[in-house]
Amino acid sequence: MLDLMKKLSEIDWGNLEAAWGVAATVAGFFAYHKYRRFTMQRLLRLRVSKDKCAVSLPTYRRHVFNHDQDLVLTREAIPCFSLGHLLSACSVEPRLISADADPNLDEIHIGGPLTNEYTNRYVRRYLPGLKWCATAGNIVNAHNESERMGNKMDLSFLEEVPEEDQVGFRIDGNHYPYRMDQVGLAVLVRLNVAGADTAKTVHLLFGSSTVATVAAVRWFSEKSHRNLRCIFGKKDRIGIFKVNEKGEKEGRIRWLDADKLIAK
């Protein structure tokens with residue numbers, strides 16, 4: 001017993017405590033990142049393939065170098081970096097798809113129904129209660145731009161309003177206003193889509209402007225793993241939040257009753 005007490009008295013307890021502290025910190029770091037990866041995987045809810053996902057961006061048809069080509073604007077490609085980081089953390093390969101593809105994969109679409117043909121189709125098919133309120137002049141401009149882009153947009157979701165202060169989204173009869181270059185709106189949609197062969201998960205990330213769309217993608221990619229309501233459960237989700245002119249989120253996300261909004 002005396003020998004044991006002597007050996008214990010010779011231990012450098014200060015160094016031992018520091019070593020335990022470092023070990024606990026390292027273990028906590030790996031535990032957090034493992035949990036974050038788990039929650040991100042739950043967020044994506046990939047059902048077709050666990051290591052691949054289809055991704056689309058808004059494209060613009062232009063005549064360049066003697067050919068008609070589908071171009072992507074730099075400002076709308078920026079969100080792909082944060083989305084790519086999310087997918088990489090989950091060991092998921094993004095498959096960038098063109099507007100005329102029919103991917104047999106789960107899907108993530110960046111851009112609203114004015115600029116992304118996939119978002120346009122899903123909004124018309126599954127969200128008939130979503131209307132984009134705009135003035136007559138802006139609706140004419142949207143039709144002209146769609147024709148100039150050479151895409152296949154159906155703009156029946158646009159709803160004319162007489163005044164600028166009535167501009168916004170109308171979802172299931174509720175109005176969500178925004179002011180151009182002041183307060184925007186970011187929208188996040190998760191759909192459970194029944195395919196011919198298998199079911200898939202489709203995410204739509206867009207906003208009232210490019211800045212708001214970037215905010216939607218960044219929140220989805222960087223912050224959504226902290227929101228359990230967004231992650232867990234098998235129900236469809238629709239979230240909407242305000243964005244200031246700098247693209248910063250303002251206030252809380254409002255989650256809408258998706259069961260009443262999404263057409264099956």
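**Sheet and helix packing in the predicted model**

The predicted model contains an open sheet of seven strands in the order 4-1-5-11-10-12-13, with mixed pairing. Strands (E, at least two residues) and helices (H or I, at least four) are DSSP runs numbered from the N terminus, and two strands pair if DSSP finds at least two bridges between them. Strand 4 (93-96) and strand 13 (249-256) each have a single partner strand and stand at the edges, so one side of each lacks a neighbour in the sheet. From one strand to the next, the twist averages 20°. Five bridges join strand 12 (residues 237-244) to strand 13 in the antiparallel sense; G239 has W255 in strand 13 as its bridge partner.

Helix 4 (residues 79-89) packs on the sheet, with contacts (heavy atoms within 4.5 Å) to strand 1 (52-56), strand 4 and strand 5 (107-110). The direction of helix 4 makes about 160° with that of strand 5; axes are lines fitted to C-alpha atoms, for helices over the stretch in contact, and angles run from 0 to 180 degrees between N-to-C directions. Helix 5 (residues 117-126) also packs on the sheet, touching strand 1, strand 5, strand 10 (183-194) and strand 11 (199-207).

Helix 4 and helix 7 (residues 210-222) pack at about 15°, with axes 9 Å apart, and are therefore roughly parallel (under 35 degrees) to each other. P79, S82, L83 and L86 in helix 4 meet V214, V217, R218, F220, S221 and E222 in helix 7.

Residues are numbered from 1 along each chain as its sequence is written. Local features need pLDDT of at least 70, side-chain atom pairs count only at pLDDT 80 or more, totals for chains, interfaces and linings use all residues, and side-chain values use heavy atoms, without hydrogens and water.

Note on methods. Angles under 35 degrees count as roughly parallel, over 145 as roughly antiparallel, 65 to 115 as roughly perpendicular and the rest as oblique.
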